[in-house]
Amino acid sequence: MRKGEILICEQTVNNLLGQPLFEKGKEYEVIYVDNEQREIMVTLNHNLYANEYQSYPIEWVNKNFKNVNG
């Protein structure tokens, strides 16, 4: 996974308040990959309700998104 890749969301993911961060069928860009930690973390562009970009484990991203290019 690399910065700039486009991923398609496979299921809607809501924040703690029930607002959709990622919507099923929409495209999201990888904006940062942190591979210097023990667990690889990925930050995706998503719906913002505040300034709350959050990183997710790469396993979670692979489970909930697919790459546009296959």
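**Close-up views of a predicted model**

**View A. Glu-10 sits in the loop between strand 1 and strand 2.** The model shown here and in the other views is predicted. Glu-10 has a relative accessibility of 38% and therefore counts as partly exposed, since that class runs between 20% and 50%. Setting aside residues up to four places away in sequence, Glu-10 touches Lys-24, Lys-63, Asn-64, Phe-65 and Lys-66. One of these residues, Phe-65, is 55 residues from Glu-10 in sequence, but their C-alpha atoms are 5.3 Å apart in space.

**View B. Five strands make an open sheet in the order 6-5-4-1-7.** The pairing in this sheet is antiparallel. Strand 6 (55-57) and strand 7 (65-67) are the edge strands, and each of them pairs on one side only. Direction ignored, neighbouring strands of the sheet are turned by 45° against each other on average. As a general point, side chains in a regular strand alternate between the two faces of the sheet.

**View C. Strand 4 (residues 27-34) pairs with strand 1 (residues 6-9).** Three bridges hold this pairing, and its sense is antiparallel. Within the pairing, Ile-8 stands opposite Glu-27 of strand 4. Strand 4 also pairs with strand 5 (residues 41-44), again in the antiparallel sense, over four bridges. Here Val-33 stands opposite Val-42 of strand 5. Strand 4 and strand 5 form a hairpin, with six residues between them.

**View D. Strand 5 and strand 6 run antiparallel.** Three bridges join the two strands. Thr-43 stands opposite Ser-55, a residue of strand 6. Strand 6 is an edge strand of the sheet and pairs on one side only.

**View E. The largest nonpolar core has 13 residues.** The members that touch the most other members are Leu-7, Phe-22, Val-42, Leu-44, Val-61 and Phe-65. At least two residues of this core come from each of strand 1, strand 3 (20-22), strand 4, strand 5 and helix 1 (58-64). Phe-65 touches Leu-7, Ile-8, Cys-9, Glu-10, Phe-22, Tyr-28, Leu-44 and Trp-60, not counting residues up to four places away in sequence. Phe-22 and Phe-65 are both buried.

View F. Phe-22 belongs to strand 3 and Phe-65 to strand 7, so the pair ties together parts that are 43 residues apart in sequence. A stacked pair is formed by Tyr-56 and Trp-60, with 4.5 Å from centre to centre and 20° between the planes. Ring pairs link Phe-22, Tyr-28, Tyr-56, Trp-60 and Phe-65 into a cluster.

**View H. Asn-15 lies in the loop between strand 2 (13-14) and strand 3.** The side chain of Asn-15 reaches the backbone nitrogen of Leu-17 at 2.9 Å. With neighbours within four places in sequence left aside, Asn-15 is in contact with Leu-21 and Tyr-49.

**View I. Gln-19 is found in the loop between strand 2 and strand 3.** The relative accessibility of Gln-19 is 27%, so Gln-19 counts as partly exposed. Gln-19 touches Val-13, Asn-14 and Tyr-49, not counting residues up to four places away in sequence. Tyr-49 is also a contact of Asn-15. Gln-19 and Tyr-32 are 13 residues apart along the chain, and their C-alpha atoms are separated by 23 Å.

Notes: Residues are numbered from 1 along each chain as its sequence is written. This is a predicted model: local features need pLDDT of at least 70, side-chain atom pairs count only at pLDDT 80 or more; totals for chains, interfaces and linings use all residues. Side-chain values use heavy atoms; hydrogens and water are left out. Two strands pair if DSSP finds at least two bridges between them. A nonpolar core is a set of buried Ala, Val, Leu, Ile, Met, Phe, Trp, Tyr and Cys residues joined through side-chain atoms within 4.5 Å. Buried means under 20% relative accessible area, exposed over 50%, partly exposed in between (1.4 Å probe, protein chains only). Contact means heavy atoms within 4.5 Å. A polar contact is a pair of N or O atoms within 3.5 Å; within protein, one must be able to donate a hydrogen and the other to accept it, and residues adjacent in sequence count only if both atoms are side-chain atoms. Axes are lines fitted to C-alpha atoms, for helices over the stretch in contact, and angles run from 0 to 180 degrees between N-to-C directions. Rings of Phe, Tyr and Trp (its six-membered ring) pair if their centres lie within 6.5 Å; planes under 30 degrees apart count as stacked, over 60 as edge-to-face and the rest as tilted.
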